[in-house]
2 protein chains.
Amino acid sequence: MAADTASLEQLSATCSHCSLRYLCLPHGLSADDVVRLETLVDTGATIGTDRSLFEQGDAQQALYAIRDGSMKTVAVDEDGLEQILGFYFPGDLLGLDGFGNQRHQCTAIALEDSTVCRIPVERLGHLSDELPSLRHQLMRLMGQALSDEERLLLTLGRKNAEGRIASLLLTMRRRRQLRGLPEGALPLPMKRIELANFLSMRLETVSRVLTRLQRDGVIRVLPGAIDILDTAMLRTRAGQGAWAVDQD
Amino acid sequence: MAADTASLEQLSATCSHCSLRYLCLPHGLSADDVVRLETLVDTGATIGTDRSLFEQGDAQQALYAIRDGSMKTVAVDEDGLEQILGFYFPGDLLGLDGFGNQRHQCTAIALEDSTVCRIPVERLGHLSDELPSLRHQLMRLMGQALSDEERLLLTLGRKNAEGRIASLLLTMRRRRQLRGLPEGALPLPMKRIELANFLSMRLETVSRVLTRLQRDGVIRVLPGAIDILDTAMLRTRAGQGAWAVDQD
DNA sequence: CGTTGTTTTGACTTTATTCAAGCATGGTGG
DNA sequence: CCACCATGCTTGAATAAAGTCAAAACAACG
């Protein structure tokens, strides 16, 4: 498992006591309503490394909230091209894109042994018919997912290799902080080739950029993690690695 | 205005009679419920070329459905980089990303003189508290928006210049067909530099690719439009313009 | 330890960008 | 009505960034 023991112990079998409740579906619900939500959440399902939670094309039966560990989502198009769409960490909700046509549009795969909460959409739909606050939180979460993807489009579209890597590192660290996960070296549970795929570059380029940033004293590359030594410089290089701002 | 007179006349001042109702919010609602929805929709607002419907950072006050014309959405990040996130046509809904934090995450700008329906989110929220079918349609539309952006990430991430242009042309034509808009030459209301920004390339590259596709008899470049002469070949080149499918 | 998978590094090639120039179109004012 | 300018689009030649191919180093694991 990814989280250390201390943070694991704060995860309870119920939403009411879960340390991630402010990021997750329960946010904004009254204590009573959270209790009702709990009744339909299957907490503590586990999923092994490289196993999938759902596959592209599957009927959308449930949403999944990550409790511990990490996942990636990947989509394949008609030509067989694979693109990693995102990396997900504790508190993140997966499966929202299935609301479009009741089928998952991507496959969710565990990057390491992980635990997830399973929330059946059928029952979630019924409960949200009754609880306005739940419905609003669901809309909020979908809106956030939408704007997260927009930000990603911006980064991938307008930054060069170094800018993308630097932005990714900063984003990942910010997300960890928001979740209250331990500071220090940033764990990178994915392989170089997965980073490369996600950022639309080749693994050799990822490697070269990381080496360069390390040589310049901005980061330190550890096995399975990156230590950010000079945040200000990393931010600078995230901004510099951007294309000319032309008219338009 | 973009649509020709024939299709314009099918657009009525009410959702019940709108030719786009099956794509838009009314889809799936009973006749009675559509009438209730109508009461809060301000149909027929107009917006001039280059004017904005809402701006990034504005409070989300309404959703907008395009009736006629076309728009783009653009996001600016902290470094001042601008990225066009999408082009939108009749039947498309704008403003959904604002559900994340009650603020619009991008600016919507008209590519030509257009007409839109304005749907205040406050009142929409209240009505959807009452109408399950409306809320389900809203969820559906958000799910679709999410998977549309995922598809875009796939195209931008894994295809080269030619593949992106070819994919864009095919996608735009498919969207027109879904809406029942007239076939024939595909109108391209946006400038080269806007296409370039959207596809993450330079306008010179857009120009060169279009010229090459025309030289090879795949398309014909008209002022403000593209005639697709050989769909099969265009599809081939959309698929070929893709990076090697490596392991992972 | 030897096998396997992953990451780094090097030399070379390709692709798209950059910079610069030329063409077409459409609108304005003399 | 035409010269002029502005805007948008195309084309060409030189350059830089990232991709490809190949090999070596490193790590993980039985």
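This is a predicted model: local features need pLDDT of at least 70, side-chain atom pairs count only at pLDDT 80 or more; totals for chains, interfaces and linings use all residues.
Local features need pLDDT of at least 70 and side-chain atom pairs count only at pLDDT 80 or more, while totals for chains, interfaces and linings use all residues. Residues are numbered from 1 along each chain as its sequence is written, chains are lettered from A in the order in which they are written, and side-chain values use heavy atoms, with hydrogens and water left out.

Start where the chains meet. Contact, meaning heavy atoms within 4.5 Å, draws in 56 residues from chain A and 57 residues from chain B. Together the two chains bury about 5,100 Å². That area is the accessible area (1.4 Å probe) that two parts lose on being put together, summed over both. Carbon and sulfur atoms carry 59% of it.

A salt bridge is a side-chain nitrogen of Lys or Arg within 4 Å of a carboxyl oxygen of Asp or Glu. Between chain A and chain B there are 6 salt bridges. Polar contacts are pairs of N or O atoms within 3.5 Å; within protein, one must be able to donate a hydrogen and the other to accept it, and residues adjacent in sequence count only if both atoms are side-chain atoms. By this rule, 12 residue pairs are in polar contact across the interface of chain A and chain B, both residues at pLDDT 80 or more.

Which elements of chain A give two or more residues to the side that touches chain B? They are β4 (71-76), β5 (82-88), α3 (121-130), α4 (132-158), α6 (192-199) and α8 (231-240). Helices (H or I, at least four residues) and strands (E, at least two) are DSSP runs, numbered from the N terminus. α4(A) gives the most, with 20 residues. By class, this side of chain A has 23 nonpolar, 15 polar and 18 charged residues. Here Ala, Val, Leu, Ile, Met, Phe, Trp, Tyr, Cys and Pro count as nonpolar, Asp, Glu, Lys and Arg as charged, and the others, Gly among them, as polar.

Arg151(B) sits in helix α4 (residues 132-158) of chain B, and Glu78(A) in the loop between β4 and β5 of chain A, so the pair joins two chains. Accessibility is sorted by relative accessible area: buried is under 20%, exposed over 50%, and partly exposed in between (1.4 Å probe, protein chains only). Arg151(B) is partly exposed at 43%. Glu78(A) is exposed at 61%.

Now follow that loop into its strands. β4(A) and β5(A) form a hairpin with 5 residues between them. In the turn, Gly80(A) has a positive phi of about 85 degrees. The two strands pair in the antiparallel sense over 6 bridges; pairing requires that DSSP finds at least two bridges between two strands. Ala75(A) has Gln83(A) in β5(A) as its bridge partner. β5(A) is mostly covered, with 6 of its 7 residues buried.

Lys72(A) meets Glu194(A) at 2.8 Å, N to O. Glu194(A) lies in helix α6 and Lys72(A) in strand β4, so the bridge ties together parts that are 122 residues apart in sequence. Both ends are buried: Glu194(A) at 5% relative accessibility, and Lys72(A) at 8%.

Ser114(A) belongs to strand β8 (residues 114-120) of chain A. Is Ser114(A) buried or exposed? Its relative accessible area is 0%, so Ser114(A) counts as buried. The Ser114(A) side chain reaches the backbone oxygen of Glu112(A) at 2.8 Å. Leaving aside neighbours within four places in sequence, Ser114(A) is in contact with Ala45(A), Thr46(A), Ile47(A), Asp68(A), Gly69(A) and Ser70(A).

β10(B) is joined to β11 (residues 225-228) by 4 bridges. Ile219(B) has Ile228(B) in β11(B) as its bridge partner.

Finally, the salt bridges over all chains number 24. One of them links Arg212(B) and Glu162(B) at 3.0 Å, N to O. This pair connects helix α7 (residues 203-215) with helix α5 (residues 161-178) of chain B, 50 residues apart. Arg212(B) is partly exposed at 30%, whereas Glu162(B) is buried at 12%. In chain A, a network of salt bridges links Glu162(A), Arg212(A), Arg215(A), Asp216(A) and Arg237(A).
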